[in-house]
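Hi everyone, thanks for coming. Let me put a structure up on the screen, and then we can walk through it together.

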Amino acid sequence: MAAKLFRAVILGPPGSGKGTIAQRIAHSFGLQHLSSGDCLREDIAARTDAGILAKKFIEQGLLVPDHVVTRLMLNRLEKMTNRNWLLDGFPRTLQQAEVLNNSCDLDMVIMLNIPFETLKERLSARWIHPSSGRVYNMEFNPPHIEGIDDISGEPLVRHEDDKPEAVLARLRQYKDVAKPVINFYQKRGVLQSFSGTETNTIWPYIYSTLSSRITPIHAEETHQTTSLHSLEQ
């Protein structure tokens with residue numbers, strides 16, 4: 001009998017380190033990492049129907065509507081019926097979560113709880129390479145040359161909503177949108193929550209929890225850990 005496929009979602013506010021942890025999960029457990037931001041950029045570049053629709057909203061400075069994002073992501077998942085995968089950045093809203101729930105059963109939803117002050121500091125120090133979506137943090141993940149993308153050599157930019165005066169509103173908006181999504185998965189018994197201020201202290205507990213459900217393909221890297229109790233404060 002074939003092994004059961006494993007499907008998961010990772011949730012977390014802006015600045016939570018969600019993308020970094022998602023990459024570690026993909027590497028350690030062989031899951032296909034699907035970032036909604038990456039998928040969106042790829043579909044726009046490829047001029048798919050969903051990509052053309054999304055571009056129209058982006059060019060007007062609007063959020064891409066739920067039905068467009070859902071269409072784009074479900075098209076990807078339809079091509080991965082025999083793969084283990086991890087969704088990052090989708091579902092973002094309750095409507096997206098409900099549509100995804102009608103399409104497949106999730107095995108786990110990983111929720112990152114990061115203190116508000118930590119998020120503010122991280123976001124205020126963040127710079128972006130626009131065309132690739134690569135993210136740098138001047139505190140713990142700076143580029144080799146200040147203001148320049150390591151790979152392309154192109155300039156980095158700072159999002160308006162990463163500036164200190166906009167961070168508070170951005171985090172409040174995330175909380176309002178995410179709360180019903182979190183409750184949705186909590187009621188279904190698939191939510192696993194991890195709290196802390198450092199990615200390297202949270203990661204061992206995520207690795208251990210996932211290892212109880214799916215066999216790793218790479219051994220855990222050595223990271224400094226703290227007690228589980230201290231992570232939950």
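Let's begin with a question: does Arg 47 count as buried or exposed, and at what relative accessibility? Arg 47 counts as exposed, because its relative accessibility is 54%; exposed means over 50% relative accessible area, buried means under 20%, and partly exposed lies in between, with a 1.4 Å probe and protein chains only.

A word on what you are looking at. This is a predicted model, where local features need pLDDT of at least 70, side-chain atom pairs count only at pLDDT 80 or more, and totals for chains, interfaces and linings use all residues. Residues are numbered from 1 along each chain as its sequence is written, and side-chain values use heavy atoms, with hydrogens and water left out.

Back to Arg 47. You can find Arg 47 in the loop between helix H2 (36-46) and helix H3 (49-59). Helices (H or I, at least four residues) and strands (E, at least two) are DSSP runs, numbered from the N terminus. Arg 47 is not a glycine, yet its phi is positive, about 55 degrees.

Another loop to look at runs between strand E3 (85-88) and helix H5 (94-103), and Pro 91 is found there. The peptide bond that joins Phe 90 and Pro 91 is cis, with omega about 0 degrees.

Now for two helices. Helix H4 (residues 66-78) has 13 residues and reaches 18 Å from its first C-alpha to its last, close to the 18 Å expected at 1.5 Å a residue; the expected span is 1.5 Å times one less than the number of residues. Among the buried residues of H4 are Val 68, Leu 72 and Arg 76. The buried residues of H4 pack against strand E2 (32-35), H2, H3, E3 and H5, where contact means heavy atoms within 4.5 Å.

Helix H8 (residues 199-211) also has 13 residues, and reaches 18 Å. Of its 13 residues, 10 are buried, so H8 is largely enclosed by the rest of the structure. Those buried residues include Trp 203, Tyr 205 and Tyr 207.

On to the second largest pocket, which holds about 330 Å³ of space. Of the 15 residues that line it, the closest to its centre are Pro 13, Leu 119, Leu 171, Tyr 174 and Lys 175. The lining divides into 11 nonpolar, 1 polar and 3 charged residues. Which helix gives the largest share of this lining? That is H7, with 7 residues. For the terms: on a 1 Å grid over the protein atoms alone, a pocket is an open set of points with protein on both sides within 12 Å along at least five of seven lines, and lining residues have an atom within 4 Å of a point. Grid points are joined across faces, edges and corners, and the volume is the space filled by probe spheres set on the points. Ala, Val, Leu, Ile, Met, Phe, Trp, Tyr, Cys and Pro count as nonpolar, Asp, Glu, Lys and Arg as charged, and the others, Gly among them, as polar.

Staying with helix H7, that is where Arg 170 sits. Arg 170 counts as buried, because its relative accessibility is 17%.

Finally, the cysteines. How many disulfides does the structure hold? The count is 0, a disulfide being a pair of cysteine sulfur atoms within 2.5 Å. The sulfur of Cys 39 is 14 Å from the closest cysteine sulfur, in Cys 104, which is too far for a bond. Cys 39 counts as buried at 2% relative accessibility, and Cys 104 is buried with a relative accessible area of 14%.

Notes
On a 1 Å grid over the protein atoms alone, a cavity is a set of points where a 1.4 Å probe fits but cannot get out, and a pocket is an open set with protein on both sides within 12 Å along at least five of seven lines; lining residues have an atom within 4 Å of a point.
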